[in-house]
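Here are my notes for you as you look through this structure for yourself. Please keep the sequence and the 3D view side by side while you read the numbered points.

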Amino acid sequence: MKVVKFGGSSLADGPQFEKVISIMKADPERQVIITSAPGKRHEGDIKVTDLLIQYAKLTIKHADTSDVFNQIFGRYQAIGDYFHLDENALAPIWQALSELPTTDYPDDDYLMAAFKAHGERLNARLMATVMNHLGIKARFVDPKEAGIIVSDEPNNATVLPETYEHLAHLSVDDTVLVFPGFFGFTPEGQIATFSRGGSDITGAIVARGLKADLYENFTDVDAIYAANPKLVDHPIAIHRMTYREMRELSYAGFSVFHDEAIIPAIQGEIPINVKNTNRPDLPGTLIVPEKDFTPNQTITGVASSTRFAALYLHRYLLNKEVGFTLKLLQVFKKYNVSYEHMPSGIDDLTVIFDKTQFDDETVRKMCHDIQEVLEPDTLEWIDDYAIIMVVGEGMRNKVGVIERIIQPLVKHNIGVHMINQGASRISIMLGTRRADAGEAVKSIYNAFFSSELV
């Protein structure tokens, strides 16, 4: 049995719905489908989720919502019209949208979550309706019915363990089960959404809960590539990779998956196949457990991200001072800041952050407190920072990989501020200037993939 998830671009309009239904019909093992909200139909279009956020904000302000309501309903109506659904078939969607502003919510955060969730919820209802209209047995399965229970965080929920017990009791027969992605219900019965892009998370949760043989994730790309096609011309497609390779590359900017999306599938050891809705016959990329995996090249991919900043501290005999790091972490806690990495030397310490959690004032105050508490000889905030991740199961048993990575950087006069190799030995992290990140990816990619038979 296969669980199949389709992204927003795959479900943006009637013709895309038709492609999705053809894909489901082509393989009888595809018994469960996870829907996203309708995405952009063309450049300049607005995703339904973004329209629902506008709808929620206007409702909170007690402002007129008629225009945005009509835009949202119009998206679903256009899909219904494509399949010649009558007014009665679309009435439940109109009703659900119109009732959103008059429903009671614990607070505005839960209101926002409920509004956002209905992009997926209504698209799943519509998909089940269209399928039945076309003679395909299908049933809408609401997360409440399925028992998808999530934490009490309205717009950043995590799945609770009892969800998997509930899903294990769900009957899967010859009827296609249509689940909406992106949300679940709290123990108190309120809708709560995963973070943005969370339909991928729902797909992985359902695949694990139903013990699927395969989780197919359909997007608008042919495969996952060894480098960003915006940086490298025609990079090779990765045909097979491990879970941890995917996680390492996602961390540094691979955007096919929501960063946390595959964790439930990893926990359930469900293979994942990333495929293209518009070219479903292509093999895509298969993501599998590490067990029995045999790499056929040294590195699998190279990625970069410029969302980082760094704090550099220098103090003579730092390595002899007990409690130095503890004091530093206490300052971070004061400002509710988490760090990503902390490479160190005898007298030096560099702390790397996701800079999206900072504003200028927080940086100023935090650095002031660190100077007061720790009295370093040098304190420098480095905003011009990028991370390069070089990842591959084939690196584990190869000698000289770091040299092969550094040589092309030296050739292109790219300075390396930090090198860190993970304990798994399948990834090497480099710190560079932000302006050098793209060239670093290209030069590393060319050094490995132009010289290896892949």
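1. Thr35 is a buried residue, because its relative accessible area is 1%, which is under the 20% used as the cut-off for that word. Please bear in mind, here and in every point below, that this is a predicted model. Thr35 is found in strand S2, which covers residues 30–35. If neighbours within four places in sequence are left aside, the contacts of Thr35 are with Phe6, Leu11, Glu120, Asn123, Ala124, Met127, Val178, Phe179, Pro180, Gly181 and Ser199.

2. Which residues touch the most other members of the largest nonpolar core? They are Val3, Val32, Phe179, Ile388 and Ile444, in a core that holds 74 residues. Strand S15, residues 378–391, gives the most to this core, with eight residues. Apart from this core lies another one, of 50 residues, and among them are Ile53, Tyr55, Leu126 and Phe218.

3. With neighbours within four places in sequence set aside, Val32 is in contact with Met1, Lys2, Val3, Val4, Met24, Leu177, Phe179, Val206 and Leu210.

4. Next, please turn to helix H2 (residues 48–60) and helix H5 (residues 108–133), whose axes come within 8 Å and cross at roughly 150°. H2 is therefore roughly antiparallel to H5, given that angles over 145 degrees are placed in that class. The crossing in which H2 passes H5 is right-handed. On the H2 side the contact involves Val48, Thr49, Leu52, Ile53, Tyr55, Ala56, Lys57, Thr59 and Ile60, and these meet Asp108, Leu111, Met112, Phe115, Lys116, His118, Gly119 and Glu120 of H5. Sorted by class, the contact of H2 with H5 has nine nonpolar, four polar and four charged residues.

5. The crossing of H13 and H14 is right-handed. Val401, Arg404, Ile405, Pro408 and Leu409 in H13 meet Ala440, Ser443, Ile444, Ala447 and Phe448 in H14. The residues of this contact divide into eight nonpolar, one polar and one charged.

6. Asp292, which is not a glycine, has a positive phi of about 65°. The place of Asp292 is in the loop between strand S12 (285–288) and strand S13 (301–314), and Asp292 is exposed, with a relative accessible area of 69%.

7. Finally, is Lys211 buried or exposed? Lys211 counts as exposed, because its relative accessibility is 63%, and the cut-off for that word is over 50%. Lys211 lies in the loop between helix H8 (199–209) and strand S7 (214–219). Although Lys211 and Lys2 are 209 residues apart in sequence, they are 9.2 Å apart in space, C-alpha to C-alpha.

Notes. Residues numbered from 1 in each chain as written. Predicted model: local features only at pLDDT ≥ 70, side-chain atom pairs only at ≥ 80, totals over all residues. Heavy atoms only, no water. Core = buried A, V, L, I, M, F, W, Y, C linked by side-chain atoms within 4.5 Å. Buried < 20%, exposed > 50% of the residue type's maximum accessible area, 1.4 Å probe, protein only. Helix = DSSP H or I, 4+ residues; strand = E, 2+ residues; numbered from the N terminus. Contact = heavy atoms within 4.5 Å. Axes fitted to C-alpha atoms, helices over the stretch in contact; angles between N-to-C directions. Parallel < 35°, antiparallel > 145°, perpendicular 65-115°, else oblique. Left-handed = near helix turned anticlockwise from the far one by under 90°. Nonpolar A, V, L, I, M, F, W, Y, C, P; charged D, E, K, R; others polar.
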